[in-house]
Amino acid sequence: MPQHTPPRPICGHCDGFPTVTITTGQTSPDGQRQTITANCPACRGTGHTTTPATRARIGA
């Protein structure tokens with residue numbers, strides 16, 4: 001009998017879009033745009049949050 005895990009809540013800070021790519025406005029010598037990647041600091045790039053019970057259980 002399979003066990004189902006409940007879905008984890010989506011991060012309220014990034015709405016489930018934890019990683020974004022931002023253009024710097026500069027181009028490389030071959031004409032491609034230079035970009036940087038930024039992760040959501042609240043969920044650390046996972047897109048989900050942990051519940052308070054989970055944090056208490058792991059000692060965070």
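I take accessible areas from the Shrake-Rupley method with a 1.4 Å probe, and for residues only the protein chains shown count as cover. On that basis the chain exposes about 5,200 Å². Carbon and sulfur atoms supply 55% of this area.

**Ground rules.** I am working on a predicted model, where local features need pLDDT of at least 70, side-chain atom pairs count only at pLDDT 80 or more, and totals for chains, interfaces and linings use all residues. I number residues from 1 along each chain as its sequence is written, and side-chain values use heavy atoms, with hydrogens and water left out.

**Layout.** I looked up the elements first. Helices (H or I, at least four residues) and strands (E, at least two) are DSSP runs, numbered from the N terminus. The chain has 1 helix and 2 strands. Their order from the N terminus is β-β-α.

I then checked burial. I call a residue buried under 20% relative accessible area, exposed over 50%, and partly exposed in between (1.4 Å probe, protein chains only). Of the 60 residues, 12% count as buried.

Next came contacts, meaning heavy atoms within 4.5 Å. I took those with a separation of 6 or more; residues 24 or more positions apart account for 48% of them.

**The hairpin.** Two strands pair if DSSP finds at least two bridges between them. β1 and β2 pair in the antiparallel sense, over 6 bridges. They form a hairpin with 5 residues between them. G31 sits in the turn and has a positive phi of about 95°.

I followed the pairing along β1. T19 stands opposite N39 in β2. T23 has T35 of β2 as its bridge partner. T27 also belongs to β1. I find T27 partly exposed, at a relative accessible area of 47%. Residues up to four places away in sequence aside, T27 touches Q32, R33 and Q34.

I turned to A38, which lies in β2. A38 counts as partly exposed because its relative accessibility is 28%. What does A38 contact beyond its neighbours within four places in sequence? I find P18, T19, V20 and I22. P18 is 20 residues from A38 in sequence, and their C-alpha atoms are 8.3 Å apart.

**Positive phi.** Most residues other than glycine have a negative phi. I noted two non-glycine entries with a positive value.

D15 has phi near 55°. I place D15 in the segment before β1 (19-27). Is D15 buried or exposed? D15 counts as exposed, since its relative accessibility is 55%.

R44 has phi near 60°, again positive. R44 is in the loop between β2 (33-39) and α1 (52-58). Its relative accessible area is 73%, so R44 is exposed.

I searched a 1 Å grid over the protein atoms alone; a pocket is an open set of points where a 1.4 Å probe fits, with protein on both sides within 12 Å along at least five of seven lines. Lining residues have an atom within 4 Å of a point. Points are joined across faces, edges and corners, and the volume is the space filled by probe spheres set on them.

The largest pocket holds about 200 Å³ of space. It is lined by 10 residues, and A42, C43, R44, T49 and T50 are the closest to its centre. I sorted the lining by class: 2 nonpolar, 5 polar and 3 charged residues. Here Ala, Val, Leu, Ile, Met, Phe, Trp, Tyr, Cys and Pro count as nonpolar, Asp, Glu, Lys and Arg as charged, and the others, Gly among them, as polar.
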